[in-house]
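Q: Can you walk me through a protein model step by step? I'd like to learn how to read its features.

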2 protein chains.
Amino acid sequence: MRWWGWGEERPSGLPEHAVERLREELGLPAGARGERVALDAVRLPESRLGDAARAALERAGEVRDDREARIRHAAGRGLPDLLRLRRGDADPAPDAVVFPSGPSAVRAVLEAGAEHRVAVVPFGGGTSVVGGVEPVRGDCEAVIALDLANLGGVDLDRPSLLATVGAGLTLPALEGRLSAAGVTLGHFPQSYEYATVGGCVATRSAGQASTGYGRIDDLVRGVRLSAPAGDLALPAVPASAAGPDLRELVVGSEGVLGVITEATVSVRPAPRVRRYEGLAFSSFAEGAEALRRLAQEGAAPDVARLSDEEETRLNLALAGDSAKTRALRAYLRARGVRGGCLAIMGWEGDAAGVRRRRLRSLRVLRSAGGIWLGPPPGRAWARARYEGPYLRDDLLDRGVLVETLETAHRWSALMDVYRAVGGALRSALRARATPPLVLCHISHLYESGGSLYFTFLARAEQGTELEQWRAAKTAASEAIVGTGATITHHHAIGRDHREWLRHETGDLGIEALRAAKERLDPAGVMNPGKLLP
Amino acid sequence: MRWWGWGEERPSGLPEHAVERLREELGLPAGARGERVALDAVRLPESRLGDAARAALERAGEVRDDREARIRHAAGRGLPDLLRLRRGDADPAPDAVVFPSGPSAVRAVLEAGAEHRVAVVPFGGGTSVVGGVEPVRGDCEAVIALDLANLGGVDLDRPSLLATVGAGLTLPALEGRLSAAGVTLGHFPQSYEYATVGGCVATRSAGQASTGYGRIDDLVRGVRLSAPAGDLALPAVPASAAGPDLRELVVGSEGVLGVITEATVSVRPAPRVRRYEGLAFSSFAEGAEALRRLAQEGAAPDVARLSDEEETRLNLALAGDSAKTRALRAYLRARGVRGGCLAIMGWEGDAAGVRRRRLRSLRVLRSAGGIWLGPPPGRAWARARYEGPYLRDDLLDRGVLVETLETAHRWSALMDVYRAVGGALRSALRARATPPLVLCHISHLYESGGSLYFTFLARAEQGTELEQWRAAKTAASEAIVGTGATITHHHAIGRDHREWLRHETGDLGIEALRAAKERLDPAGVMNPGKLLP
């Protein structure tokens, strides 16, 4: 991955007409550019790792403290991470990067960390968008990134549809191994190309098809955590009444309790057929009601997304004035839809199953006002499904601040959350004279509610982008917790959401988590500054 | 409920021919009877509740320390509980019973308990079969049962299919309230008639239709726990990535962290149609394989049970030599099934959904060797679905020791667990010269595995029934954990499974739970002697 952004080097994916359009809508000055220094110009503080600590770590695994390794582990891929890297600030870089060869080496690193007061930041794909891998020393002498790339391995129990997987395996590598046996995990977050299994488990992630396959917390049956105080190995049983479910303490623990070294996850037969199609609704509220019915009538597809009017409008505008988009607009006008909202529905499985489930979904969607648009919008979505973070780099290059955030709430409160968050973002950014575009889609369906995924774009304030981001993020977060929605549906807490966690857990919930942390990590070396306020 | 057993007074449900059959198979001496003293003869120790503690509790709620109230809260409904009560031993009786009027009164009780060193045992329906409500003082001065009968109340969010329910409401009372709004929780454990919502949540229960509706841990979205250190109110959001899921710490906490006062649970439209039907398989292994396919091909009914050969044989034998059972046997012989295994499948929902899902299930079952027997076996099962605990009383009256235990494991290991547990029970009881009948059925299906529910019957050892029970229970539990299966699929840990919990959580898992308990219940008054070893 390029050190300052997402993915490998590639040409901009933003066509000129799209840039022109954004320039108009956001009031960008001509030739606006985002700052981006060269790698040589990045400021990197001296490593603070002492000789004794270093020697102890070297007995546990490969230790690197060269410039590139440290910069590559200095940040995740949240907007503030990228803004800092692009301006050449790698200050919260780890003092070294350690690559343990396996679970026993992880234990040796944790023991060395506790003994020498070295903070340990577990590092999988480094794709956190909430500051989850930011190296923070806390009250330690030094901080290392613990890169889990060597923890691979897949052990499949085919009759039970369970796979036991090393935490450092990337999702594509896992799918490659599983597909040889005809099965799939079915977990496709936007970070799919780089995310690791351990990272997904540690952050309680959801993928684009999680409405069908289930979130990672649904898929994880067993898990191993290597904590400074010892190992917690929770076996994969299908269900249990043996007290509180400790798996759910490990899932989402974001490295603050220990290092997830292995997970046993449910897999499914690999789909032979994938159908993604588009539908239009006359309004976001109408579409949301249709999605509620899908979820509650047992007719939900595997992928179900509904863009609001603004996201639909902007997506069509940025797609340009091609023959296809003109035809689509004409078709919708003919059906009485002006503006309207685009939904993408996807079904995966064997041919008979997809046929049967698709008919059930479409029956509900049509009776709820949906207008079927056929496969083209679905294909367009599938082509671009992992494009978001690449486009973010392109937009930052053009002087556009772009950020996403997400939440979930009950169906009865979802439209209130939608209005509150959109309103908060617009107010906060208008107040800085950078009026935003705020886009939203429902990304995941549950019987009791849905998730809202917001994207906002604004002219970047040159030099004060971080303050600008913080103002918008704070306003949105306050609005979210003000409605009783969750501060995050699938991005995790990390550094950026810490102060809002207590709205969900209460003070006593935080205390319960702290108590578990103190028992599992008595020296307090695990991922300081994350999750717990 | 009658003080010494289950349900209200009623004539024995055991026909003479069934008693005769058991007499033969178990080697009961003629006229064998189980001991059962009169209420007046029950030995009850003096209440140890001090005046100051009593005064403090009286400010919090109604306090009763009369003989009947104390005896009625002296035990759950596990076999050892019943054996003790029947012989007139109510020694672990609470020093008093407190009936808080609502959540704030619960808080007042907990504060009084912490101040005056009075242990608090939350008491819902009192149906625990693992000693979960046994009053234990631990290192406190006294112990009270906290009867939650007054914590009722139902608040329905219809668009979100969520109901917020007081912990003390019984399941039938809840279903009554929900049915007025056309919805159901769909949670039907064998203890349904007496179990409370709070008790189900505290014990991570599963109901007979949980293969379809989901276990209580699937149904609980939000929960309130009143702990001595404060309240933990976890909101009902459909999904969240906000750190570890603290709901899963409260669900299954069995009163050791605090008192569950309220839960928000998912509900479903009430079914218009319920179809229960029987199928036969030539062997338990063949049937289990069919059930695995049901679960993994998305074709599972709401109720799915498969009896092994011995349970099938005994059920048919006890049903007697009626025209119906003769016809069934003749039919099976004609289809080449001798002995064989009976399965019950049930579908609930609207007419179209039941029709569609039933056809899917039957297609899989037939292709896996199932022989359809039609509705009669299903109707017989539905009539008797809550009869188990009544029959246990009748059997104890006749000098038969009968106990059930259950577990779950992956499909790939399920037959190993089946053989190991059956073998352990037979060895342990043969060694005491009381060779048992060991029956088993698969009771719940999951994609990754299933649950096994064992029943064993043996001639009761007059006077040493408790030792006899303990020998069998220990052997079965050792066999269960020896295979890596869970020590309990839906009966919880309570008193009886404590020593085996660490096989599942490891020492560090126990430590994590202890840490949470010490933070939430610093004085250690909550339900001593349960859950934690």
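Q: How much area do chain B and chain A bury between them?

A: Buried area is the accessible area (1.4 Å probe) that two parts lose on being put together, summed over both. Here chain B and chain A bury about 5,700 Å² between them, with 61% of it on carbon and sulfur atoms. Before we go on: this is a predicted model, where local features need pLDDT of at least 70, side-chain atom pairs count only at pLDDT 80 or more, and totals for chains, interfaces and linings use all residues. Residues are numbered from 1 along each chain as its sequence is written, chains are lettered from A and ligands numbered from 1 in the order in which they are written, and side-chain values use heavy atoms, with hydrogens and water left out.

Q: How many residues does each chain bring to the contact?

A: Contact means heavy atoms within 4.5 Å. Chain B brings 77 residues, and chain A brings 77 residues.

Q: How many salt bridges are there between chain B and chain A?

A: A salt bridge is a side-chain nitrogen of Lys or Arg within 4 Å of a carboxyl oxygen of Asp or Glu. Between chain B and chain A the count is eight. One to look up is E511(A) with R519(B), whose side chains meet at 2.8 Å, N to O. As for who gives the most on chain B's side of the contact with chain A, that's helix α19 (residues 502–520) of chain B, with 13 residues. By the way, helices (H or I, at least four residues) and strands (E, at least two) are DSSP runs, numbered from the N terminus.

Q: Now for sheets. In what order do the five strands of the open sheet in chain B come?

A: Strands of a sheet pair through backbone hydrogen bonds, either parallel or antiparallel. Two strands count as paired if DSSP finds at least two bridges between them. In chain B, the order is β5-β6-β10-β8-β9, and the pairing is antiparallel. Since β5 (154–157) and β9 (230–234) of chain B stand at the edges with a single partner strand each, one side of each is left without a neighbour in the sheet. From one strand to the next, the twist averages 10°.

Q: Is β10(B) mostly buried or exposed?

A: Buried means under 20% relative accessible area, exposed over 50%, and partly exposed in between (1.4 Å probe, protein chains only). Seven of the eight residues of β10(B) are buried, so β10(B) is largely enclosed by the rest of the structure.

Q: Which helices of chain B lie across these strands?

A: Axes are lines fitted to C-alpha atoms, for helices over the stretch in contact, and angles run from 0 to 180 degrees between N-to-C directions. Helix α5 (residues 103–116) of chain B lies across β8 (220–227), β9 and β10 (259–266) of chain B, at about 40° to β8(B). Helix α6 (residues 171–179) of chain B lies across β5 and β6 of chain B, at about 45° to β5(B).

Q: Over in chain A, which strands does β8(A) pair with?

A: β8(A) pairs antiparallel with strand β10 (residues 259–266) of chain A over six bridges. Another five bridges join β8(A) to strand β9 (residues 230–234) of chain A, and β8(A) and β9(A) form a hairpin with two residues between them. R224(A) has E262(A) as its bridge partner in β10(A) and A233(A) as its bridge partner in β9(A).

Q: Last one: is M526(B) buried or exposed?

A: M526(B) is buried, with a relative accessible area of 0%. You'll find M526(B) in the segment after α19 of chain B. Leaving aside neighbours within four places in sequence, its contacts include L110(B), V120(B), P228(B) and K517(B). Compare E309(B), which sits in helix α12 (residues 309–319) of chain B and counts as partly exposed at 32% relative accessibility.
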